[in-house]
2 protein chains.
Amino acid sequence: MRLQDLATPCLVLDRGILDRNLSSMSARMRRHGVAFRPHLKTAKSAEIARRAISGEAGGITVSTLAEAEYFAACGFRDITLAVGITPAKLERAAAMVTSGTRLTLLTDDPDTAAAIAAHPAPLRALIEIDSGECRGGVAPDGGALRVLGRALGSRLAGVLTHAGHSYAGRTPEDMVRIAEHERSAAVRAAWALRAAWLPCEVVSVGSTPTACHARKLDGVTEVRAGVYMFNDLFQAEIHSCTRSDLALTVLASVIGRRPGTNRIILDAGALALSRDRSTAATSHDAGFGLVWDLAAEPRYGNCRIEAAYQEHGVATGDAPLPFDELRVGTRVRVAPNHACTTAAAYDRYFVVDGGDEIVEEWERKNGW
Amino acid sequence: MRLQDLATPCLVLDRGILDRNLSSMSARMRRHGVAFRPHLKTAKSAEIARRAISGEAGGITVSTLAEAEYFAACGFRDITLAVGITPAKLERAAAMVTSGTRLTLLTDDPDTAAAIAAHPAPLRALIEIDSGECRGGVAPDGGALRVLGRALGSRLAGVLTHAGHSYAGRTPEDMVRIAEHERSAAVRAAWALRAAWLPCEVVSVGSTPTACHARKLDGVTEVRAGVYMFNDLFQAEIHSCTRSDLALTVLASVIGRRPGTNRIILDAGALALSRDRSTAATSHDAGFGLVWDLAAEPRYGNCRIEAAYQEHGVATGDAPLPFDELRVGTRVRVAPNHACTTAAAYDRYFVVDGGDEIVEEWERKNGW
């Protein structure tokens, strides 16, 4: 089967680029001498997880209980769920722990910490630290941290932070600085716990931009990152990668032509691409995605999807589009703004290796 | 089972509101004396489709081949696929036609029209007319229309237009005017075909706003609409409904609290709600959705999701939030900007009927 034979829209994943992205991040972490725990929130695929942990300690990160259950069922035994848990969700977590998965939870809430500590199953949790994003987490130095540590007691596994505000950075220097904030917040929190005679085995940090740009990771025990596996136009804008490192594209068909206004219409709209507009805040606004040719070459100039309806993407370029080539039915590849939100609409990857032949088909696990 | 027992995030559908929305649209179409062909692009559910066509002629509209195949497998025999088809997609369409489904396709492309006409299976198609949206479709009066009509020949079923630009209207008067443009474009196109001795059985128009506001539908044979079933915050802003007509919400749990900045964090982020920001262009920007209480009452003031990360929604309000009530684990209902994009992340509806008891569970069919 070849790209030309696939029903559109669908996800195309280039295995060569994927493997290159995986190995360059692993090599970076080896140079730092720190363990790497890939985040599967983007890929949500056991096949990709196996490739990502090859040569690593074996642990993975996930963002939902459904992902945790899926990966546990696929044989992964060391899983960190890096989104704050609620008391009602502890039963599903406990069921996984009881069947042999080393599942590590996350909390920044004293009531939830108490529920974790009181649970009959041997649950364990990290305390979420706010390293500057102001989303979840407690301050790295302060009473709230010690209250949480004492509430968790022997269930305390350590601390975790995510410098999500790295996405607001724009220069490599921004990322170096934010990575150091992330590191120092986590390490300070770890020492604050230890100073209170509380255990802090795990000191976990990470985001793709900070993982790429961290100068030092002293005191950190593990790094997490997820979107680096695929990369996307936004990550290229914030210096995590270049556009040639994008492993994921959406295969689409031309379904309409408007030469009079230099526009084509694709069967990839808001559902196939997501409504993510993250590149709008960068110096290269890609609309809802860039339109490349079937070989993923940017041969149509800066052709981009300027409007996304439910099933229609309307694309235009700065120069006249080659309408003799772009007939109804012509296949193109759309490079997404944000791989995580785009991939979430699909249940599988069609895998290529540079060419147009489908060499594998890998499943994805969506939902909660 | 009750709302309190469900894993979050998930879709909650209020059957009473759904049925009221369905019957008021059906009644409106009966008053116009025109056939109604509900669009299932929003609901993507056989159970909802059966309720929507109850008392109607029986036909439905869909937006993807996967929907068409799903509904055909569920026993629906009269289906219009209202997104432009490509030659490569004709095989899947032909397989449905051959197994007894009256599937009507859509095209505005002469090559595709020729492929439809030449296909061994008895395919039929509508010509897409541009009634002012400038997305798909040919002009209602002009040579392109006749070229398409002649290319389709005996496979020509009629004309179809969608006034998607009604979403840019803001007043009921805008909608009345756009509905009349939509009607007159379709009817003019139909007469242009008939004047050229071409058949034009179907004259199909529709969008939720124009279906709600059309004053007359003379010459139209059928109306399509989809999001009216659920409604959403955007439709309330553009006068298709009021906020009390929203049948669909996302059930979410509080996973974090930041009283210092008057913010709560929910387990409903960009994947659970979509990144749709359509209300940003209206006078009541709802962020990524409004946060209502478990009974879907807007008891937290104008509490809205101001930031949506992959699995985190950060909400705030104009007044202090009741943090004594909003503990980690508290369930809330999020009213979405756009029901179509939000529902697309889920594979089922948990159905309530005014209260908190789950009275039914209905499946959804996503994908392409």
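In what order do the strands of the open sheet in chain B stand? Hi everyone, let's take that one together. The order is β2-β9-β8-β7-β6-β5-β4-β3, 8 strands in an open sheet with parallel pairing. At the edges of that sheet stand β2 (35–36) and β3 (60–62) of chain B, each with a single partner strand, so one side of each is left without a neighbour in the sheet.

Before we go on, some housekeeping. This is a predicted model, where local features need pLDDT of at least 70 and side-chain atom pairs count only at pLDDT 80 or more, while totals for chains, interfaces and linings use all residues. Residues are numbered from 1 along each chain as its sequence is written, chains are lettered from A and ligands numbered from 1 in the order in which they are written, and side-chain values use heavy atoms, with hydrogens and water left out.

Two terms for the sheet, too. Helices (H or I, at least four residues) and strands (E, at least two) are DSSP runs, numbered from the N terminus. Two strands pair if DSSP finds at least two bridges between them.

Now look inside the sheet of chain B. Strand β7 (residues 156–161) and strand β8 (residues 202–205) of chain B are parallel partners over 3 bridges. Find B:L160 on your screen, and you will see B:S204 of β8(B) opposite.

Over to chain A. Here, too, 8 strands make an open sheet, in the order β2-β9-β8-β7-β6-β5-β4-β3, with parallel pairing. The edge strands of chain A are β2 (35–36) and β3 (60–62), which each pair on one side only. Further in, β6 (residues 124–129) and β7 (residues 156–161) of chain A run parallel and share 5 bridges. One place to look is A:A125, whose bridge partner in β7(A) is A:L156.

Next, a few local details. The peptide bond from A:T8 to A:P9 is cis, with omega near -5°, and A:P9 lies in the segment before β1 (10–14) of chain A. In chain B, the bond from B:T8 to B:P9 is cis as well, with omega near -5°. Then there is A:C134, a residue other than glycine with a positive phi, near 60°. You will find A:C134 in the loop between β6 and α6 (143–152) of chain A.

Side chains of opposite charge can pair when their charged atoms come close. For us, a salt bridge is a side-chain nitrogen of Lys or Arg within 4 Å of a carboxyl oxygen of Asp or Glu. Over all chains, the search finds 60 of them. One of these joins A:R188 to A:D141, with the closest N and O atoms 3.0 Å apart. This pair links distant parts of the chain, 47 residues apart: A:R188 is in helix α7 (residues 172–195) of chain A and A:D141 in the loop between β6 and α6.

So how do the two chains meet? With contact meaning heavy atoms within 4.5 Å, 53 residues of chain A are in contact with 53 residues of chain B. The area buried between them is about 4000 Å², 55% of it from carbon and sulfur atoms. Buried area is the accessible area (1.4 Å probe) that two parts lose on being put together, summed over both. Across this interface there are 8 salt bridges. Among them, B:R275 pairs with A:D276, with the closest N and O atoms 2.5 Å apart. On the chain A side, α5 (110–118), β10 (248–258), α10 (270–273) and α11 (339–343) each supply at least two residues that touch chain B, and β10(A) gives the most, with 5 residues.

Last topic: how are the copies related? The same surface serves both copies, as 100% of the contact residues of chain A recur in chain B.
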